[in-house]
Amino acid sequence: MGDVALNFLFSNREGSKLLHTTPLSTPLAQVKIWLASNWPPAAGVAPGDLSRIRLICMGTLLNADDSTLADCSVRVLDGPTPVNVSVRPEGAVPSKRRETQSAQGQQSRRVGTSPPRPPAPRGGGGCCVLS
């Protein structure tokens, strides 16, 4: 296994980014520890609870802290691999769906997927609801 250059991009913090090169064999928990100890001031205060740090790489939520970057299929690109960083609000609880997936041994899930929605009622008033 080789190394991967990660380009951490912080949600809602224009221009806040951080570069880090690490082996693909590095566990996500170790990546979060490094990230928290090198948190850029422009990204606000680093969370004390590392479980609040959410990492999304190329559309995939990396949510199994005991898995390595290779286990999570983090790709090595010609340039740094972009990793979006967001912080779960303090007191927010992960959804049951994610807890169930983690319990079933899933190591990552596709962001933006949702269960099928029922068909919209006919004869509506012309409004559109986005969720």
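Author: The largest nonpolar core has 20 residues, where a nonpolar core is a set of buried Ala, Val, Leu, Ile, Met, Phe, Trp, Tyr and Cys residues joined through side-chain atoms within 4.5 Å. F8, L35 and L55 have the most contacts inside this core. Strand β1 gives the largest share, four residues, and β1, α1, β3 and β5 (81-87) each supply at least two. Buried here means under 20% relative accessible area, exposed means over 50%, and partly exposed is in between, with a 1.4 Å probe and protein chains only.

The model is predicted: local features need pLDDT of at least 70, side-chain atom pairs count only at pLDDT 80 or more, and totals for chains, interfaces and linings use all residues. Residues are numbered from 1 along each chain as its sequence is written, and side-chain values use heavy atoms, with hydrogens and water left out.

The elements named above belong to a set of two helices and six strands. Their order from the N terminus is β-β-α-β-β-β-α-β. Helices (H or I, at least four residues) and strands (E, at least two) are DSSP runs, numbered from the N terminus. Of the 131 residues in the protein, 32% are buried.

Apart from neighbours within four places in sequence, L55 is in contact with residues including F8, L28, V31, K32, L35, V83 and V85; contact means heavy atoms within 4.5 Å. For the protein as a whole, among contacts between residues at least 6 apart in sequence, 63% join residues at least 24 apart.

K32, one of the contacts of L55, also takes part in the one salt bridge of the structure. A salt bridge is a side-chain nitrogen of Lys or Arg within 4 Å of a carboxyl oxygen of Asp or Glu. The partner of K32 is D65, at 3.0 Å from N to O. D65 is in the loop between β4 (60-62) and β5, while K32 is in helix α1, 33 residues apart, so the pair links distant parts of the chain. K32 is buried, with a relative accessible area of 5%, whereas D65 is partly exposed at 27%.

Next come the aromatic rings. The structure holds two aromatic pairs. Rings of Phe, Tyr and Trp (its six-membered ring) pair if their centres lie within 6.5 Å; planes under 30 degrees apart count as stacked, over 60 as edge-to-face and the rest as tilted. In one of the pairs, F10 and W39 have ring centres 4.9 Å apart and planes at 75°, so this pair is edge-to-face. F10 lies in strand β1 (residues 3-10) and W39 in the loop between α1 (28-37) and β3 (53-57), so the pair ties together parts 29 residues apart in sequence. F10 and W39 are both buried.

Last, the cysteines. The whole structure has zero disulfides, a disulfide being a pair of cysteine sulfur atoms within 2.5 Å. The sulfur of C57 is 9.1 Å from the closest cysteine sulfur, in C72, and that is too far for a bond. C57 is buried, with a relative accessible area of 6%, and C72 also counts as buried, at 6%.
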